[in-house]
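Hi,

Here's the structure I promised to send over. Have a look at it first, and my notes on the charged pairs follow below.

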Amino acid sequence: MTDRRTELAANLAKVEERIAAACAAAGRKREEVTLIVVTKTYPASDVRLLHELGVRHVAENRDQDAAPKAAACADLNLHWHFVGQLQTNKVRSVAGYADVVQSVDRLKLVSALSAAAVRAERELGCLVQVALDAESQQQGARGGVAPDGVEGLAAAIADSPGLRLDGLMTVAPLAGPYAGRQQAAFERLMELSSGLRVAHPAANMVSAGMSADLEQAVAAGATHVRVGTAVLGVRPRLG
Ligand SMILES: *Cc1c(COP(=O)(O)O)cnc(C)c1O
């Protein structure tokens, strides 16, 4: 094994242990939680090693980095998640490789994604990104729609050709009433998910929790955790 492979294997094992322990503590089955490894800023060679080590879900947040990486790994059986703030001029590219766009936060993006998915003849899974720190009708600082905007966006996704409404995503807020209260934030996301599933029962994906707070996300009921640093190391640059 190369040094990098050994390092990634050890990190993955630690993260796996944390997820398993969090599931056990919450009385949940380990299979209820899917690990998505956030590979942003790391090279395609790392994605390849992660695939060898059994990872099947990876996430990226910038199309400029993600598009060439996904192309370099096109031979691998991987699900690509897009988790970054997405400009409509990048949508056509993203629709070419992403299986799920987790950061859908405005109507303009829904129509652009739908057109791109139809054109690419692909079905794109979509999560509504919720900004728990955003005021009514506003967007969050790191993207996302305020809770009262979820229903409208979800309906638009569900009605759009080429798109599949999969559920909700959030990033624990750094400001506002949920600052420093990750578990409360994730529990609020779960409430919103329950509300969403009344009208859209199949939209049961709940993406929450990162390296620092995956335990709280699993405790609250998340189905997907997005872990970067704890698997790949501290990122060499902001991303
Ligand atoms: C970078 C990123 C993550 C992973 O964060 P870590 O703290 O490195 O685990 C998760 N979700 C989103 C949206 C991200 O941008």
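Starting with Arg122: this residue is partly exposed, at 24% relative accessible area, where partly exposed sits between buried (under 20%) and exposed (over 50%), using a 1.4 Å probe and protein chains only. Its partner in a salt bridge is Asp99, at 3.4 Å from N to O; by salt bridge I mean a side-chain nitrogen of Lys or Arg within 4 Å of a carboxyl oxygen of Asp or Glu. Asp99 sits in the loop between α4 (91-97) and β4 (100-104) and Arg122 in the loop between α5 (107-120) and β5 (124-130), so the pair ties together parts 23 residues apart in sequence. Asp99 is partly exposed too, with 21%.

Before you dig in: this is a predicted model, so local features need pLDDT of at least 70 and side-chain atom pairs count only at pLDDT 80 or more, while totals for chains, interfaces and linings use all residues. Residues are numbered from 1 along each chain as its sequence is written, and side-chain values use heavy atoms, leaving out hydrogens and water.

The salt bridge count comes to 13. One of them joins Arg4 and Asp46, with the closest N and O atoms 2.8 Å apart. Arg4 is in helix α1 (residues 3-26) and Asp46 in helix α2 (residues 44-52), so this pair links parts 42 residues apart in sequence; helices here are DSSP runs of H or I with at least four residues, strands are E runs of at least two, and both are numbered from the N terminus. Asp46 is buried at 5% relative accessibility, and Arg4, Glu7 and Asp46 form a salt-bridge network.

Then there's Glu60 with Lys69, also a salt bridge, closest N and O atoms 2.8 Å apart. Glu60 is buried at 1%, and Lys69 is buried at 7%.

Cheers
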